[in-house]
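Dear colleague,

I am handing over the structure below, and I would be grateful if you could look through it before reading my notes.

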Amino acid sequence: MRTSRGWWSLAGVVVGMLGLAASYLTAALLHVRESPVVAVAEGITALTPGAIAEWAIQNLGTQDKSALVLGMLVVLVVIFGVLGAVARRTWWIAVLGYVVLAVIGAWAVLAKPGSTGTEMVPVLVGLVVWLGGFALCAQALRRWEVVEASDDLAHDPAHTRRGFFLLTGGLAVAAAVAGALGRVAGSARGQAEASRRLLRLERVTPPVLPAAARVEVPGVAPWQTAADDFYLIDTAFIKPTIEPVEWELRIHGMVDREITLTYDQLVAREITEDWITLNCVSNEVGGDLIGNAWWSGVRLAGILAEAGPQEGADAVLQTSDDGWTCGTPLAALTDDRNAMLAVAMNGDPLPIEHGFPVRTIVPGLYGYVSACKWVVDMEVTRFDDIDAYWTQKGWAELGPVKIASRIDVPAQGSSVEAGTVVVAGSAWYQHTGIEAVEVSLDGGPWTRATLGEVPSADTWVQWRAEVEADAGDHLVRVRAVGRNGETQTGVTAGVLPDGATGWHGVSFQAT
Ligand SMILES: Nc1nc2c(c(=O)[nH]1)N[C@H]1C(S)=C(S)[C@@H](COP(=O)(O)O)O[C@H]1N2
Ligand SMILES: [Mo]
């Protein structure tokens, strides 16, 4: 007596659904908007002739998308069942089937505009689960078949059968749990996104680009960085999804009066707005872990003054909703700079990835010691008594930004016309300010660049210079001079422990 084809089909369906659920959960955890199934559904929609799409919308109304996804799931269940049944005789057909389905999913997610490649992770997770899960089930079924077929009384057929049922049952439960978790994770994100979209910050004004900030050289990074292009650095695998109504900040420790602020209380205060450039201590010379935005929020100096820091306190240990911590000099939060609890970036509520609903922004300090996203706790304390996330790992306790400059144009390795060559880029020394930028061609004399006009010392500065380059290979270098008279050092240092130094150079060819 052979195992019936039905059990192979069942295994195919259970493993198939488990793979889909794993992929869906992965997509939700990674905040990939398009889980593979939805992406395929959208791909089908896009390829559907207009008349049919029109019919679907007419007859199914706003349910057309759910109907399509449901229909796809039904088709998939049938495919999974057939793959399982066929695998009984020809195992590799099932493998091929799963791979083909994964390729379709990969094609659909990568075809979406703005796909970054992260979308591939859920597809790969799904494929691995399919192959691994099916291998397990097939093994259990084969054992069952062998035992049933033999007259060997040493093995109890009921026992091997039970093994298969336990396995498929377990996998089915895993599929249900993964699917449910995916739904929860996805909907928390969806709710926070919805609250964010509905939020009206009355006194937040949209950014108005300072007239002369740009040098207008194509290829230079935009002076204002769009939220979508702003670099992202954090340790949160799952980004916190905090509803503004749930947000609360506690300020405590070495203070005379502990303060708790709700979101409404925060935004009811006086709003401060400013262009501030934020960069990462891990930014290599010439790197792009830097961005400039119009931030709106509430000054920390006023809030901390109300709390009344006590004698001897020199640090504020900030804690994020996800447990990340950083130690910020108390002085930087209470002096005349615009250190703020930011609620908006470029005129819109903070994107979830950038710390929604509230993050800290401190001009002049690297992000790892200051720019706490999803901030929920501030303890006024002493540096001697704390050890924050990155300082524990060997990074410096204090992280003032270092003077730096970068060449964006010409691009590294590019070819330009011999003669007068335009060189341009950005320079920054937040809270001290850039006095001058100089370039040197092939080790020759330093010549001054023209600077864009910036509203304060807290932003980067665009610059533009011209060099005379004969036909041949060249190296152009840049250095900045700060408003404090400091000239950017040519001595190279790596990013650890407190930020890279050295001149950025670009090789190009003139023809
Ligand atoms: N909660 C939290 N906040 C954080 C971090 C983090 O890992 N977790 N990283 C910091 C670092 S190292 C930098 S450079 C900035 C980056 O901010 P961005 O991702 O908005 O560009 O956030 C800071 N705030
Ligand atoms: Mo950073």
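What follows is an account of the overall layout, the salt bridges, the surface patches and some backbone details.

This is a predicted model, in which local features need pLDDT of at least 70 and side-chain atom pairs count only at pLDDT 80 or more, while totals for chains, interfaces and linings use all residues. Residues are numbered from 1 along each chain as its sequence is written, chains are lettered from A and ligands numbered from 1 in the order in which they are written, and side-chain values use heavy atoms, with hydrogens and water left out.

**Overall layout**

The protein holds ten helices and 19 strands, where helices (H or I, at least four residues) and strands (E, at least two) are DSSP runs numbered from the N terminus. Its C-alpha trace spans about 90 × 70 × 55 Å along the principal axes. Of the 511 residues, 50% count as buried; buried means under 20% relative accessible area, exposed over 50%, and partly exposed in between, with a 1.4 Å probe and protein chains only. The areas themselves come from the Shrake-Rupley method with a 1.4 Å probe, and for residues only the protein chains shown count as cover.

The protein is divided into domain 1 (5-186) and domain 2 (227-393), with bounds that come from an automatic or database domain assignment. The centres of these two domains, taken over C-alpha atoms, are separated by 43 Å. Valine 177 is partly exposed at 44% relative accessible area, and leucine 201 is buried at 17%.

**Salt bridges**

A search of the whole structure finds 17 salt bridges, each being a side-chain nitrogen of Lys or Arg within 4 Å of a carboxyl oxygen of Asp or Glu. Glutamate 438 pairs with arginine 479, with their closest N and O atoms 2.7 Å apart. This pair links distant parts of the chain, since glutamate 438 is in strand β14 (residues 434-441) and arginine 479 in strand β18, 41 residues apart. Both partners are buried, glutamate 438 with a relative accessible area of 9% and arginine 479 with 17%.

Lysine 402 and aspartate 498 also meet in a salt bridge, at 2.9 Å from N to O. Lysine 402 lies in the loop between β10 and β11 and aspartate 498 in the loop between β18 (472-482) and β19 (504-510), so the pair ties together parts that are 96 residues apart in sequence. Here lysine 402 is partly exposed at 22%, and aspartate 498 is partly exposed at 29%.

Another pair, glutamate 258 and arginine 250, has an N to O distance of 2.9 Å; glutamate 258 is exposed at 51%, while arginine 250 is partly exposed at 35%.

**Surface patches**

Patches are made of residues with over 30% relative accessible area and no salt bridge, where like charges are joined within 9 Å and nonpolar side chains (Val, Leu, Ile, Met, Phe, Trp, Tyr) within 5 Å. A nonpolar patch of about 1,100 Å² includes Leu47, Trp91, Leu96, Trp107 and Leu131, and helix α5 (residues 91-111) gives the most to it, with nine residues. Leucine 96, in helix α5, is partly exposed at 47%.

A negative patch is formed by Asp314, Asp384, Asp387 and Glu397; Asp and Glu count as negative and Lys and Arg as positive, with His and the chain ends not counted, and the place of a charge is taken as NZ of Lys, CZ of Arg, CG of Asp or CD of Glu.

**Backbone details**

Most residues other than glycine have a negative phi, and most peptide bonds are trans. Valine 409 and proline 410 are joined by a cis peptide bond with omega of about 0°, and the bond from leucine 496 to proline 497 is cis with omega near 5°. Tryptophan 374, not a glycine, has a positive phi of about 50° and is buried at 2% relative accessible area. Aspartate 442 likewise has a positive phi of about 50°, but is partly exposed at 43%.

With best regards
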